[in-house]
Amino acid sequence: MSARAQILGSQTPGTPGALDGELRIRPASPPLPRAEPALRPPDAESAGPPASRRSGIRRTPNTALRRETGSGQNRPGGFAGASPAGASGIVRPPAPGNAPGDLTGTRFETIRPDIAPPPARPSATTLVAPGLPPAAPPPLRRPRPEDDPYAPLGIRAGSLILRPAIEIDGGYDTNAQRTSRNRRGSAFWRTEGELNATSDWSRHQFDLGLRGAYTAFTGVSNANRPEGEARLGLRLDASRDQTIETTLTARIDTERPGSANLPGGVSERVPYYNLGASLGGTQRFGRTSLALRTTAERALYEDARAGGVTISQEARNVTTYGARARLGHEITPGLAPFAEAGIDTRRHDLRLDQSGYERDSRGLTLRAGSSFELERSLTGEASLGYTFRAYEDARLRALRAPVLDAALTWSISPLTTLNLRAQSEIAETTIAGSSGALTYRGTATLTHAFLRNFTATATLGIARADYDRVNREETTLTAGLRLEYRFSRLLAARASYAFERYSVNTPGENYQAHTMLLGLRLTP
């Protein structure tokens with residue numbers, strides 16, 4: 001009652017006697033001049049002559065009261081239902097015991113929607129506040145365009161989204177065996193299948209990637225080669241600040257006949273396999289994070305054939321066990337430097353290789369770097385460090401070298417993207433007297449979209465291997481261009497050209513090759 005008296009009163013809230021005057025039983029006031037009931041009767045203490053007022057101060061009506069649309073409060077005299085009235089629009093009598101004009105205890109109601117106002121004062125849409133323009137309806141918005149209308153939608157299988165793809169290509173290679181002697185060009189066909197799966201969970205994450213391809217040459221029978229890779233990753237969100245990650249990887253590829261790690265006289269490609277597994281976790285302490293990870297990798301080589309004789313490659317089979325720890329701190333949302341330390345050990349299936357060297361070793365690597373995101377145009381991670389590797393055989397010298405690991409993505413424009421990748425490490429070798437090879441690799445990939453369904457990708461790469469205690473330096477330069485035109489989400493056409501040049505300081509081993517390819521890619 002006090003709230004209603006304060007809101008519906010004609011006095012300004014807060015003035016002396018405003019609330020008290022509403023709750024006090026007042027004497028009868030003179031008859032109202034209006035034919036219809038007003039919002040509230042006049043106050044006898046403020047409407048009469050100055051001498052009859054209790055305080056002698058004339059109160060001014062509160063003109064800042066909010067009026068509701070269609071309630072009758074913004075009409076000159078109001079209408080039934082805006083003042084103390086029932087659902088029918090008729091004023092109800094005051095509470096028993098109240099003086100005439102006293103509304104204390106009176107029930108206030110709003111007209112029901114199913115009862116129309118009196119005909120004399122038809123209902124009409126009015127402004128919420130006088131002087132303000134009518135509220136305009138919100139403008140209709142166009143639907144947001146898709147980021148890539150030609151991207152495959154995938155197939156939903158339960159809580160997984162599957163993205164399969166099949167590609168069939170045909171082309172020509174000017175040097176199928178990648179050799180310096182007896183170079184032979186040949187036409188070939190290539191079949192590739194791919195399957196990617198991603199979980200659609202509110203927590204945790206599951207990723208699966210499978211890719212397999214086979215290249216068959218029509219003019220060179222012993223140049224056929226399979227290739228493929230698989231990756232399975234699972235992330236478990238144990239808590240808000242703790243995650244557990246595990247990864248399984250597998251890869252199959254072939255080694256060219258002229259490789260320095262193969263015996264002389266090998267005339268066909270030798271397949272090899274890489275298997276890997278890792279388990280680790282990350283714990284965050286505010287902006288600081290600590291990550292621990294253990295790894296296990298396995299490399300297997302099939303036997304080689306030279307002049308009809310089978311040569312065992314079992315001595316090259318090696319298993320690597322490792323562990324590393326990373327401590328990072330997020331300075332800003334786009335800058336998080338870190339320091340990393342890792343140890344590993346390599347164990348071969350055979351204690352001695354074909355040259356009588358014991359190549360088991362232990363390694364230590366220290367890195368420092370940062371992950372960053374600069375204005376969402378340059379993202380990635382880069383680190384620089386130093387590695388040390390000691391061998392069981394005293395005749396093999398320990399290797400020390402700086403190491404680099406960087407992966408950057410630069411969004412030059414909404415249509416152009418540049419990816420940079422650089423890496424270095426100490427690789428195994430079978431050359432007698434050499435502990436290993438320091439390898440450096442770098443690639444640059446530039447992608448530009450001329451249309452939403454027409455893109456071009458240019459690549460440039462360089463790789464270098466420097467063998468310890470052996471006067472051998474290998475340099476491989478690669479370049480390529482690929483065009484892709486998407487007819488729809490389902491079908492795309494691809495055309496590509498690739499160039500490869502291999503240089504070594506040993507005479508008679510240099511070569512170069514050109515490859516042209518044309519095919520169709522199906523993404524159901």
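Modeller: A residue is called buried under 20% relative accessible area, exposed over 50%, and partly exposed in between. The model discussed here is predicted.

Biologist: Why does Arg 235 count as partly exposed?

Modeller: Arg 235 has 28% relative accessibility; this value lies between 20% and 50%, so the term partly exposed applies.

Biologist: Which residue does Arg 235 meet in a salt bridge, and why does Asp 237 count as buried?

Modeller: The side chain of Arg 235 meets that of Asp 237, at 3.0 Å from N to O. Asp 237 has 16% relative accessibility, which is under 20%, and therefore counts as buried.

Biologist: What makes the contact between Arg 359 and Asp 353 a salt bridge?

Modeller: Their side chains approach to 2.8 Å, N to O. The limit for a Lys or Arg nitrogen and an Asp or Glu carboxyl oxygen is 4 Å, so the pair qualifies.

Biologist: How do you know whether Arg 359 and Asp 353 are buried or exposed?

Modeller: Arg 359 stands at 4% relative accessibility and Asp 353 at 15%. Both values are under 20%, so Arg 359 and Asp 353 are buried.

Biologist: How many salt bridges does the structure hold, and what makes Glu 194 and Arg 521 one of them?

Modeller: There are 32 salt bridges in the structure. For Glu 194 and Arg 521, the closest N and O atoms are 3.0 Å apart, within the 4 Å limit, and the pair therefore counts.

Biologist: Why is Glu 194 called partly exposed, and why is Arg 521 called buried?

Modeller: Glu 194 is at 21% relative accessibility, and so is partly exposed. Arg 521 is at 12%, which is why Arg 521 counts as buried. Both residues also belong to a network of salt bridges that takes in Glu 167, Glu 484 and Arg 494.

Biologist: How many aromatic pairs are there?

Modeller: The structure has 7 aromatic pairs. One of them is formed by Trp 189 and Tyr 214, with ring centres 6.5 Å apart and planes at 50°. Trp 189 lies in strand S3 and Tyr 214 in strand S4 (residues 205–217), so the pair ties together parts 25 residues apart in sequence.

Biologist: Why do Trp 189 and Tyr 214 count as partly exposed?

Modeller: Trp 189 has 43% relative accessibility and Tyr 214 has 36%. The two values fall between 20% and 50%, so both residues are partly exposed.

Biologist: What makes the pair of Tyr 502 and Tyr 511 stacked?

Modeller: Their planes are 20° apart, with 5.2 Å from centre to centre. Separately, Phe 450, Phe 454, Tyr 485 and Phe 487 make up one aromatic cluster.

Biologist: How do you know that strands S18 and S19 pair?

Modeller: Strand S18 (residues 454–467) and strand S19 (residues 473–486) run antiparallel and are joined by 13 bridges. At least two bridges are needed, so the strands pair. Thr 457 has Arg 482 in S19 as its bridge partner. The two strands form a hairpin with 5 residues between them, and Arg 469 in the turn has a positive phi of about 60°.

Biologist: Which residue of S20 stands opposite Arg 482?

Modeller: Ser 496 does. S19 and S20 (residues 491–504) are antiparallel and share 13 bridges, and a hairpin of 4 residues joins them.

Biologist: Which residues form the largest nonpolar core?

Modeller: Its 7 residues are Tyr 357, Tyr 391, Leu 396, Leu 399, Ala 401, Ile 426 and Leu 438. A separate, second core of 6 residues includes Ala 176, Phe 188, Ala 223 and Leu 517.

Definitions and conventions
Residues are numbered from 1 along each chain as its sequence is written. This is a predicted model: local features need pLDDT of at least 70, side-chain atom pairs count only at pLDDT 80 or more; totals for chains, interfaces and linings use all residues. Side-chain values use heavy atoms; hydrogens and water are left out. A nonpolar core is a set of buried Ala, Val, Leu, Ile, Met, Phe, Trp, Tyr and Cys residues joined through side-chain atoms within 4.5 Å. Buried means under 20% relative accessible area, exposed over 50%, partly exposed in between (1.4 Å probe, protein chains only). Rings of Phe, Tyr and Trp (its six-membered ring) pair if their centres lie within 6.5 Å; planes under 30 degrees apart count as stacked, over 60 as edge-to-face and the rest as tilted.
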